[in-house]
Amino acid sequence: MADLSTDFAGIKSPNPFWIASGPPANTAYQAHRAFEAGWGGVVWKTIGDPIRNVSSRYSSIDYGNMRMVGLNNIELISDRSPETNFREIAEVKKRWPNHAVIASLMVDTRENWHDFVRRSADCGADGIELNFGCPHGMCERGMGSAVGQNPDVAATIIGWVMEAATIPVIAKLTPNITDITAAARAAKRSGANAISLINTINSITQVNLDNFVPEPFVGGLSSHGGYCGPAVKPIALNMVQSCASDPEVRLPISGIGGITTWRDAAEFVALGATTVQVCTAVMHYGFRIVEDMIDGLNDYLDGKGFENLDELRGRAVDTVRKWETLDLNYKRIAEIDYGKCIGCNLCYIACEDGAHQAIALVDPAGYGLGPGRVPNKPVPEIKEEECVGCNLCSLVCPVHDCITMVSVENGLERLAWADYQTRLAAGDATAFAPHP
Ligand SMILES: Cc1cc2nc3c(=O)[nH]c(=O)nc-3n(C[C@H](O)[C@H](O)[C@H](O)COP(=O)(O)O)c2cc1C
Ligand code: SF4
Ligand code: SF4
């Protein structure tokens, strides 16, 4: 069995799965339950000057039969006193010395940062996460994403934190910014030991069309909230990869955003994360999801012959390149497994109306169709010369692995846009011969 233990900027945990700062990490009771279930770390609900929340606080997007594909919240940081939070962190650390307990902090002045940083170390926390990401409420008070969106301000505050810090410091970044690497670089140059990303994304999930107030409804008004859950994973992966590949960042990364399964976690690690954090999936399904995450990740690593997470970490980072480096002469086309095709013709409509008119509907005779198919309905057939390999039909096909995309050997040498420009500049006008 592979070794899942992690060392994140000096913070050790038995596995990479941490509870993200949020409702599931609000109390010692929850931290104990999380560790009993198997989580490797807990990032405490952000501690600061206790706030007062509104009612209600959450809204969500459902898609098809799936509830809470995306979750929105207008909740603030901890409504409990710093004394209670630090005392409970000490209790949790005492009972779970080998698990990671991180104090998430958000305060305002230099003196307050010094005070909270020292109290975090005094209560035995393994590290400190700086909440520069909360995109609602706290930013109106000059904190949260108001800091994270301004790399110079973030750098100043990290500088204050580092003056007092004796344990590792993680800067948690906001995705509500044009270039996440600017914030990551600011964290690096001001001395942070690591970064975590992403916090939630500004959002309005839905408008009630009777009273015209978006959810969550608060006495006839609403507010912009922070979006998270499975819907944000692609945005988070993109930002993690951007930070992992930036030569000026080079900091350990804790990946956050939409992680629900071991596979999500493995993808974050492949794109450079050392640990992963989970909030929405725990709010949806409870702490026990970590059992499947641990088993699944173990099986995957064993199957690949990897002995530990270091062997997976960052493997996909360098395969993401600038568009201009991609081979214009590479070609793939769609291929249909007629034994699996149920004859819904969704692929035909998608390609005909939404893509390249590269699928014909033909007589089903002789196609060896699978069971459950409506007899005598025409079957889709790929027109190989017309297919540009866009993937759309394989994405809409409701049957798993019924349409696969296959590489075509076309005899053309590799030619990227950047190379083509170089060859053109050298007077070689014959260089460009890509497929249609
Ligand atoms: C209701 C709620 C409250 C949150 N509170 C905090 C917080 O106090 N501090 C913080 O840094 N992040 C907070 N977050 C953000 C999460 O830690 C996490 O960055 C985000 O939800 C993305 O992860 P997910 O898709 O697994 O939920 C909160 C998220 C939710 C849904
Ligand atoms: S979408 Fe898939 S199942 Fe439906 S007709 Fe096309 S290949 Fe067959
Ligand atoms: S890959 Fe794109 S172009 Fe080719 S058949 Fe499918 S939808 Fe049409």
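I counted the secondary structure of the protein first: 13 helices and 18 strands. Helices here are DSSP runs of H or I with at least four residues, strands are runs of E with at least two, and both are numbered from the N terminus. The model is predicted, so I noted the limits: local features need pLDDT of at least 70, side-chain atom pairs count only at pLDDT 80 or more, and totals for chains, interfaces and linings use all residues. Residues are numbered from 1 along each chain as its sequence is written, and chains are lettered from A and ligands numbered from 1 in the order in which they are written.

**Overall**

I looked up the extent of the C-alpha trace, which spans about 75 × 60 × 50 Å along its principal axes. The domain assignment (automatic or from a database) gives domain 1 (6-319) and domain 2 (324-425). Their C-alpha centres lie 40 Å apart. Of the 436 residues, 42% are buried, that is, have 20 or more other C-beta atoms within 10 Å of their own, with C-beta atoms placed from the backbone.

I then checked strands β5 (residues 58-63) and β6 (residues 66-73), which run antiparallel and are joined by five bridges; DSSP must find at least two bridges for strands to pair. Ser 59 has Asn 72 in β6 as its bridge partner. Two residues lie between the strands of this hairpin, and Gly 64 in the turn has a positive phi of about 60°.

**Helix α7**

I took α7 (residues 233-245) next; its 13 residues reach 18 Å from first C-alpha to last, close to the 18 Å expected (1.5 Å times one less than the number of residues). Its buried residues include Leu 237, Val 240 and Ala 244. I noted that an α-helix has 3.6 residues a turn, so residues three or four places apart point the same way. The buried residues of α7 pack against α6 (180-189), β10 (194-197), β13 (253-256) and α8 (262-270).

**Ligand shells**

I listed 28 residues around ligand 1, the closest being Ala 20, Gly 22, Cys 228, Cys 279 and Thr 280; a shell residue has its backbone-placed C-beta within 6 Å of the molecule.

Around ligand 3 I found 15 residues, with Cys 351, Cys 387, Cys 390, Leu 392 and Cys 393 coming nearest. The elements giving two or more residues to this shell are α11 (346-354) and α12 (392-396).

How values were computed
A residue is buried if 20 or more other C-beta atoms lie within 10 Å of its own, exposed if 12 or fewer, and partly exposed in between; C-beta atoms are placed from the backbone. Two residues are in contact if their C-beta atoms, placed from the backbone, lie within 7 Å.
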